[in-house]
Amino acid sequence: MISVKHVKDARERISGITHTTPILQSEQLSKICGNQLFLKSEHLQKTGSFKIRGASNKVIHSIENGAKYVTAASSGNHGQAVAYVANQYGVPATIVVPENVSKCKVNAIKAYNGKVEMCGTTSAERLPRAQAIADQENGVFIPPYDDPFIMAGQGTVGLEMLEQVDQIDAIIVPVGGGGLLSGILTAIKETNPKIKVIGVEPEIANDTYLSLQIKKITAIQSTTTIADGLRTNQPGDLTFPVLMKYLDDLVLVSEDEIRQAFSFVMERTKQLIEPSSATTIAAAMFNKLNLQGKNIVTVISGGNVDLEKIRQLIVEVTE
Ligand SMILES: *Cc1c(COP(=O)(O)O)cnc(C)c1O
């Protein structure tokens, strides 16, 4: 299991690559949520999501240990991040993506000189392909979440929040494979265990919720949630024990609640966030947290969304 020491090491290792992202606030949003909301804005991070943190920690470590080639299997943000870091260090990268990947994500990978290979539609198809290319090229496969270096890198979000916001009561984190959540839990609970950390999943991608209920990793069928960064169908072997140890609560939001939150943030704060990030706002807007009058940091995990998709995501804000 990683410790806060690994997260601090990661912060040092990646400091030349990543931004310290800003905390944004919206009075209107805080008012309707009944809590003071602080938006940790990873949609303004390099490559448009927090994924660059774990990816750079793992890629830099691998290069220091002789890696000459890296691969990843990713539906988008992780692949973009790996391509970006590899390019910065002059190492070639191949990113294996699903056939239905969004256009903006492919274009971004190519803009970072990453090679894109399409393969199937499930991670069960992509993972072995990316692993095989890595083996063939004497390279290193960079996993999206189930890896100590990835988890420690994502945890640097937590260290920054502790410095940026006074008297945090709770932190809200979206959950896919649990890399972001397990890293943040390690940073927060080993520094100030009084801060509550709450995960959020879409109702129709509730694999971690189910796993926590029966205290055992449990898989769901593939899901079509609009929160495409959260479509993993089971928590990781390394991430899940960290959640079991430290997580205070995990709440669920519906597809409609995600749309409402996405639209509200667009209209009122003028920020372009992706649906995966809107889940944390939805949890606060729709009273899933059981908190009133508290200082809450919500992780806005990314902002990569196809322009043409935005129209389908927008709904009338009823608040
Ligand atoms: C990957 C991703 C997540 C989920 O992170 P995990 O580490 O897989 O739990 C959330 N939001 C965005 C935007 C992502 O790209």
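Two strands pair if DSSP finds at least two bridges between them. The model shown in these close-ups is predicted.

View 1. Strand 3 spans residues 70-73 and is covered on both faces. Val70 and Ala72 are buried on one side, and Thr71 and Ala73 are buried on the other. Four bridges link strand 3 with strand 4 (residues 93-97) in the parallel sense. Within this pairing, Val96 of strand 4 lies opposite Ala73. Strand 3 also runs parallel to strand 6 (residues 140-141), to which two bridges join it. Here Val140 of strand 6 is the residue opposite Val70.

**View 2. The contact of helix 4 with helix 5.** Helix 4 covers residues 77-88 and helix 5 covers residues 103-111; their axes come within 8 Å and cross at roughly 10°. Angles under 35 degrees count as roughly parallel, and helix 4 and helix 5 are therefore roughly parallel to each other. On the helix 4 side, Asn77, Gly79, Gln80 and Ala83 make the contact, meeting Lys105, Ala108 and Ile109 of helix 5. Sorted by class, this contact holds three nonpolar residues, three polar residues and one charged residue.

View 3. Strand 10 (residues 295-300) is mostly covered, with five of its six residues buried. Strand 2 (residues 36-41) pairs with strand 10 in the parallel sense, over six bridges. In that pairing, Ser41 has Ile300 of strand 10 as its bridge partner. Strand 7 (residues 170-174) also runs parallel to strand 10, and three bridges join them. Thr298 in strand 10 stands opposite Ile172.

Methods:
Residues are numbered from 1 along each chain as its sequence is written. This is a predicted model: local features need pLDDT of at least 70, side-chain atom pairs count only at pLDDT 80 or more; totals for chains, interfaces and linings use all residues. Side-chain values use heavy atoms; hydrogens and water are left out. Buried means under 20% relative accessible area, exposed over 50%, partly exposed in between (1.4 Å probe, protein chains only). Axes are lines fitted to C-alpha atoms, for helices over the stretch in contact, and angles run from 0 to 180 degrees between N-to-C directions. Angles under 35 degrees count as roughly parallel, over 145 as roughly antiparallel, 65 to 115 as roughly perpendicular and the rest as oblique. Contact means heavy atoms within 4.5 Å. Ala, Val, Leu, Ile, Met, Phe, Trp, Tyr, Cys and Pro count as nonpolar, Asp, Glu, Lys and Arg as charged, and the others, Gly among them, as polar.
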